[in-house]
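Here is a friendly note for anyone opening this structure for the first time. Please keep the model in view while you read the points below.

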Amino acid sequence: MSDETKEESRAEETAGSSAPTTASKFSDEAEALSSEMEQLFRRAFGEIPRAAELGELRALQAMLKGLVHRAASEGGGAATVAETETLVAERDKLKDALQREKANFLNYQARAMKDLERAEEQALRKYVIELLPILDNLDLATADAHSEHADARRVKEALDMTGSSLKQILAVRGLERIQALGKPFDPQQHEAIFKRKADPEKGEKPNTVVEETRAGYLWKGLVLRPAQVVVSS
């Protein structure tokens, strides 16, 4: 075998051994991009995305699959310079697309936070406006109580009316008082601060709330604050 033939044979062996390495490299990069894209997508749109965002993800995934397929197909032989450059260009295109999606997500996150803040401010403003008449009644009752001709009965009625209005507004918003007195002790809704023996003459039963020292409340069915109670033993 001539020296020229030997050189060609060694070149072919070298090219053949480098092909799988090149394919493996592109495959690994594609897998990494795919994983990073999936994580970004989940953070941005959750488990049930809209059709538009899902379509964008599927398009990018299709490009990744094509890149992986082409990289794998180069495993049986040496990749030409043009083919390698094409794969590199597609890889860079995917990286750019991923960077754009990251930027879009950050912009979306910033807009969502601002929208949420505005919505909370509007809801709180509406709620405060509903409380203003109650505050007016309380001011009138306070002024009446401090006047020289204060009428205790009238002040009491004004305070009762103010309390009733406040409870009504809070009830509409989802506030509900926990009914504790005479109920079996429930550690989920009651906070026992003291225990005493049950009094049979009063019809008290063991492990029952016999006194309420501080009211407890539910907010839309969830415990907002447990009731502080005295429990019979």
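**Notes on the model**

1. Arg214 stands opposite Gln228 in S6. The strand S6 covers residues 227–232 and runs antiparallel to S3, with four bridges joining the two. Here strands pair if DSSP finds at least two bridges between them. In general, the strands of a sheet pair through backbone hydrogen bonds, either parallel or antiparallel.

2. A word on how to read the values. This is a predicted model, in which local features need pLDDT of at least 70 and side-chain atom pairs count only at pLDDT 80 or more, while totals for chains, interfaces and linings use all residues. Residues are numbered from 1 along each chain as its sequence is written, and side-chain values use heavy atoms, with hydrogens and water left out.

3. Now the overall plan. The protein has four helices and six strands, and along the sequence they follow the pattern α-α-α-α-β-β-β-β-β-β. Helices (H or I, at least four residues) and strands (E, at least two) are DSSP runs, numbered from the N terminus. Of the 233 residues, 20% count as buried; buried means under 20% relative accessible area, exposed means over 50%, and partly exposed is in between (1.4 Å probe, protein chains only).

4. Back to the sheet. Three strands make up an open sheet in the order S2-S6-S3, with mixed pairing. Its edge strands are S2 (190–196) and S3 (209–214), each of which pairs on one side only. Neighbouring strands are turned by 30 degrees against each other on average, direction ignored; the axes are lines fitted to C-alpha atoms, for helices over the stretch in contact, and angles run from 0 to 180 degrees between N-to-C directions.

5. Which residues does Ser232 contact, leaving aside its neighbours within four places in sequence? They are Arg196, Ala198, Lys205, Pro206, Asn207, Thr208 and Val210, where contact means heavy atoms within 4.5 Å. Ser232 lies in strand S6 and is buried, with a relative accessible area of 2%.

6. Two residues have a backbone angle to look at. Asn207, in the loop between S2 and S3, has a phi near 55 degrees, a positive value in a residue other than glycine. Lys220, in the loop between strand S4 (217–219) and strand S5 (222–225), also has a positive phi of about 55 degrees although it is not a glycine. Most residues other than glycine have a negative phi. Asn207 is partly exposed at 42% relative accessible area, whereas Lys220 counts as exposed at 63%.

7. Not counting residues up to four places away in sequence, Ile134 touches Thr162, Ser165, Leu166 and Ile169. Ile134 and Gly163 are 29 residues apart in sequence and 8.3 Å apart in space, C-alpha to C-alpha.

8. What makes up the nonpolar surface patch of about 590 Å²? Its members are Leu124, Val128, Ile129, Leu132, Leu135, Leu138 and Leu159. Patches are made of residues with over 30% relative accessible area and no salt bridge: like charges are joined within 9 Å, nonpolar side chains (Val, Leu, Ile, Met, Phe, Trp, Tyr) within 5 Å. Six residues, the largest share, come from helix H3 (residues 81–145). Val128 is found in H3 and is partly exposed, with a relative accessible area of 38%.

9. The structure holds five salt bridges, each a side-chain nitrogen of Lys or Arg within 4 Å of a carboxyl oxygen of Asp or Glu. One of them joins the side chains of Arg173 and Glu130 (3.2 Å, N to O). Arg173 lies in helix H4 (residues 152–173) and Glu130 in helix H3, so the pair ties together parts that are 43 residues apart in sequence.

10. Two further salt bridges deserve a look. Glu212 forms one with Arg177, the closest N and O atoms being 2.6 Å apart. This pair links distant parts of the chain, with Glu212 in strand S3 and Arg177 in strand S1 (residues 175–177), 35 residues apart. Asp160 forms a salt bridge with Lys156, the closest N and O atoms being 3.0 Å apart; both lie in helix H4, four residues apart, about one turn of the helix. Asp160 counts as partly exposed at 44% relative accessibility, while Lys156 is exposed at 54%.

Technical notes. Accessible areas come from the Shrake-Rupley method with a 1.4 Å probe; for residues, only the protein chains shown count as cover.
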